[in-house]
Amino acid sequence: MAAIQADVVLVGGGVMSATLGMMLRQLDPSLDIIMVERLDHVAHESTDGWNNAGTGHAGYCELNYTPQADDGDVAIERALAINAQFEVSLQFWSYLVEKGMLPKPSSFINRTPHQSFVWGEQDVAFLRRRFEKLQAHHLFREMEYTESPDVLKEWMPLIVQHRDPMQAVAATRVKHGSDVDFGSLTRSMVSYLESQPNFTLMLNSPVHYLAQRDNGRWKVRVRNHVTGETTKLEAGFVFLGAGGGALPLLQKSGIDEARGYGGFPVSGQWLVCQDQEVVAKHHSKVYGKAPIGAPPMSVPHLDTRIINGEPALLFGPFAGFTTRFLKQGSVFDLFGSVKPNNLKPMLSVSKNNMDLTRYLISEVFQSHSERVASLRNFFPDAQEKNWKLQDAGQRVQIIKKDEDGRGKLEFGTEIVASKDGKLAALLGASPGASTAANAMINVLERCFPEAMASPEWQERMRAMVPSYGQSLVNDEDLLNTVRERTLRTLELNPDA
């Protein structure tokens with residue numbers, strides 16, 4: 001059987017593949033694009049609303065993005081970068097809404113104030129210094145700070161109710177923060193792509209074979225696990241946006257750039273409250289500080305969520321150890337990813353992160369009462385009966401070689417691309433989906449350099465992302481212009 005020819009094959013039906021597909025469709029409508037997904041519908045792994053925090057990660061409330069130095073000072077560079085990257089996503093989504101490619105904004109994004117909350121003199125001093133440095137920058141100009149119990153009662157009533165009045169507390173707030181249902185967003189993008197010519201969605205179709213031909217094109221073989229039918233594809237470009245499944249596929253590709261990469265899987269769970277009487281009393285995302293020894297993804301937070309149109313409160317995440325790379329993956333995923341070229345980094349990380357592993361395993365064996373006790377640090381009056389445990393998505397943190405050939409554990413995201421630009425993969429986790437637009441622009445620049453340099457693609461990129469090619473970190477006037485538009489278009493403006 002002859003292979004089906006395509007310009008682009010997108011592996012995985014999550015937010016990254018959907019974002020890249022939407023961008024390519026705008027840049028060159030003539031491209032033949034095929035999306036393959038191993039499950040029976042898209043956006044069902046890490047992209048699904050219940051499987052991630054749903055925070056529009058902008059650095060407003062996430063304290064792990066602003067580490068504290070030994071001298072007490074606070075580094076804000078990462079928070080500035082993440083904020084600017086999220087603004088890129090907001091611009092892209094605004095464009096899609098304005099063009100009618102996405103439904104009304106409230107179907108996937110809703111204004112939810114982003115707040116940080118700490119207690120104890122030492123953490124109050126940290127939050128005060130963090131506020132002083134961030135609020136001085138134009139990206140964070142709207143940030144507010146308080147140590148006043150009366151103001152806190154207005155900002156976060158559930159959290160300060162019946163709290164020890166002698167306890168030192170502090171909080172920051174940005175009113176135009178957002179809650180994002182990445183599952184609904186992705187399903188809407190894929191639905192639009194399906195309505196366009198030259199696009200094919202193949203469900204129930206995991207990739208079983210991946211190899212590059214002598215002419216540079218990629219052979220991709222998928223097997224429908226419902227019908228048993230095997231389909232051969234051939235494409236000029238392949239993107240591996242399969243979440244935790246991207247690493248095994250990258251290894252399967254055999255490209256030199258994949259050598260040395262490994263993965264450290266982390267599971268997660270939420271406490272969920274859908275009692276509407278309780279839900280109605282809290283409207284914000286409130287982040288605290290991670291426990292000592294916890295990974296960055298375990299920063300505790302109490303969140304307003306709107307998933308598939310239904311409001312709820314989530315608290316967590318409670319991390320855990322797993323050997324699966326996907327929520328619906330195999331317990332052998334971790335062992336199957338160990339190769340001769342990454343064995344040393346994998347063993348090195350295992351040896352040097354035993355405390356982390358013990359922490360993750362201890363999280364797994366917590367009782368419901370113990371998890372609710374953690375919640376009461378944020379919500380003193382929380383009742384066990386109002387909260388249930390729900391599994392979150394799987395995360396695979398990057399393991400890569402350091403300068404000495406040993407391994408180091410990375411907690412961000414990373415794009416790995418072949419030197420000829422014919423294949424790219426996205427590895428890692430947080431801030432993940434929130435910076436999908438910026439990440440996919442990086443893929444385009446690395447893998448389609450000549451086309452991206454053309455006047456046509458440059459013009460179309462600036463239509464999608466008006467700040468493209470410019471720095472929101474350095475240009476205050478540009479930031480003010482794009483933010484005014486995105487807050488208005490996406491209905492996030494707190495003054496509207």
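How many residues apart in helix H16 are Arg-488 and Glu-484? I find them 4 residues apart, which means about one helical turn between them. (Helices, H or I of at least four residues, and strands, E of at least two, are DSSP runs numbered from the N terminus.)

Before going on, I note that this is a predicted model, where local features need pLDDT of at least 70 and side-chain atom pairs pLDDT 80 or more, while totals for chains, interfaces and linings use all residues. Residues count from 1 along each chain as its sequence is written, and side-chain values use heavy atoms, without hydrogens and water.

Back to Arg-488: it forms a salt bridge with Glu-484, the closest N and O atoms being 3.1 Å apart. (A salt bridge is a side-chain nitrogen of Lys or Arg within 4 Å of a carboxyl oxygen of Asp or Glu.) Arg-488 is partly exposed at 48% relative accessible area, and Glu-484 is partly exposed at 46%. (Buried is under 20%, exposed over 50%, partly exposed in between, with a 1.4 Å probe and protein chains only.)

Next I looked up Glu-142, which pairs with Arg-483 in a salt bridge, closest N and O atoms 3.2 Å apart. Glu-142 sits in the loop between helix H3 and strand S5 and Arg-483 in helix H16, so the pair ties together parts 341 residues apart in sequence. I see that Arg-483 is buried at 4%, while Glu-142 is partly exposed at 39%.

Last, I noted the total: the structure holds 20 salt bridges. Asp-73, Arg-129, Glu-132 and Lys-133 are linked in a network of them.
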